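User: Hi! Could you walk me through this structure? I'd like to start with the aromatic residues.

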Amino acid sequence: MAAEIVIAESRAEQRSMSLSKKLSWFLVSLFVIMGVALAFIVRFATEQYNLEMTQRLNGSIAMYVAAEEQLIQNGVHNEAAINRLAARAMVINPTVEVYLLDKEGRILSHNIPQDVTLQKRIPLQAVKEFLQPDSPRPLLSLDPRSPNSHKAFSAAEVRFNDQLEGYVYAILGGQTYEQLAKDISQSYILKIALASILALLLLSFIVGWLVVRVLTRPLKKLTAGVLNFQNQITGQEAPNNAPKNKSKGDEIMVLSQSFAEMKNKIE
């Protein structure tokens, strides 16, 4: 019973809320939704931009590794060569992790510490798409160290006597990149950017609230005038020019109810 009383009082309070308050709450809800949506859109767009930029700048790393030495010959891979070339690739880009794959996508060799658990096979669909001319960017594929995540990569064919022997597969955003991204996400610049977005939303809300107050002020004056006229018809007095009315709702509802009451009185 007490809960029903509270709910009834809450509904009565909502019905008695003025038009300006309703519009103000609407603006608050709208700007909160817009702020959250804007944050997600900016974050997604930034991630896609970074992935595409990284892949376009470093997309030829796997090709350079595959062209330096013969990495696979008649199905036998050169472990020492891949280790040397992977180390050189990491000098160019410390976030690169290089893998040597066979024709089926199985990992033959890599430059990752031996105690790290890796996936044994890489799906080749994205790799083959990457090797096609004018393929879209960014293209993402499986990270052997993080089976639940897909990252930007570079890939190149390994051939011997014009026969496909395997692939060089390089993850462009390995564990080092993830750590750097985590550190940057806590940087002063991003905090300033977030504070700027919040300040802009707050300023927009204040401007919108002022516009609402200006637009609803004539309606409030009209409502007060109608209530004064209604009180004069019914013989009630409005002390201090602040007429009271038992009607519940915003200014438009009060006007409608007052008009109906005066119509009945006149009739």
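User: Is Phe130 buried or exposed?

Analyst: Phe130 is buried, with a relative accessible area of 7%. Buried means under 20% relative accessible area, exposed means over 50%, and partly exposed is in between (1.4 Å probe, protein chains only). Before we go on, this is a predicted model, where local features need pLDDT of at least 70, side-chain atom pairs count only at pLDDT 80 or more, and totals for chains, interfaces and linings use all residues. Residues are numbered from 1 along each chain as its sequence is written, and side-chain values use heavy atoms, with hydrogens and water left out.

User: Thanks! Which residue forms an aromatic pair with Phe130?

Analyst: Phe153 does, and the pair is tilted, at 5.2 Å centre to centre with 45 degrees between the planes. Rings of Phe, Tyr and Trp (its six-membered ring) pair if their centres lie within 6.5 Å; planes under 30 degrees apart count as stacked, over 60 as edge-to-face and the rest as tilted. Phe130 sits in helix α5 (residues 125-130) and Phe153 in strand β6 (residues 146-160), so the two are 23 residues apart and the pair links distant parts of the chain. Helices (H or I, at least four residues) and strands (E, at least two) are DSSP runs, numbered from the N terminus. Phe153 is buried too, at 0% relative accessibility.

User: How many aromatic pairs are there?

Analyst: The count comes to three. In one of them, the ring centres of Tyr99 and Tyr169 are 6.4 Å apart and the planes are at 50 degrees, so this pair is tilted. Here Tyr99 belongs to strand β3 (residues 97-102) and Tyr169 to strand β7 (residues 163-171), 70 residues apart. Tyr99 is buried, with a relative accessible area of 0%, and Tyr169 is buried with a value of 0%. Tyr99, Phe130, Phe153 and Tyr169 form one aromatic cluster.

User: Nice. What about the largest nonpolar core, how many residues does it have?

Analyst: It has 20 residues, and Val65, Leu71 and Val96 are among those with the most contacts inside it. A nonpolar core is a set of buried Ala, Val, Leu, Ile, Met, Phe, Trp, Tyr and Cys residues joined through side-chain atoms within 4.5 Å. Helices α3 and α4 (79-92) and strands β3, β6 and β7 each supply at least two residues of this core. The largest share, five residues, comes from α4.

User: And which residues of helix α3 are buried?

Analyst: In α3 (residues 61-68) the buried residues are Ile61, Ala62, Val65 and Ala66. They cover an arc of only 130 degrees around the axis (taken from the directions from the helix axis to the C-beta atoms), which puts them on the same side of α3.

User: Switching topic: how many salt bridges does the structure hold?

Analyst: Seven. A salt bridge is a side-chain nitrogen of Lys or Arg within 4 Å of a carboxyl oxygen of Asp or Glu. One of them joins Arg84 and Glu69 (2.7 Å, N to O). Arg84 is in helix α4 and Glu69 in the loop between α3 and β1 (72-73), 15 residues apart. Arg84 is partly exposed at 39%, and Glu69 is partly exposed at 24%.

User: Is Asp102 buried or exposed?

Analyst: Asp102 is buried, with a relative accessible area of 12%. Its side chain meets that of Arg106 in a salt bridge (3.0 Å, N to O), and Arg106 is partly exposed at 41%.
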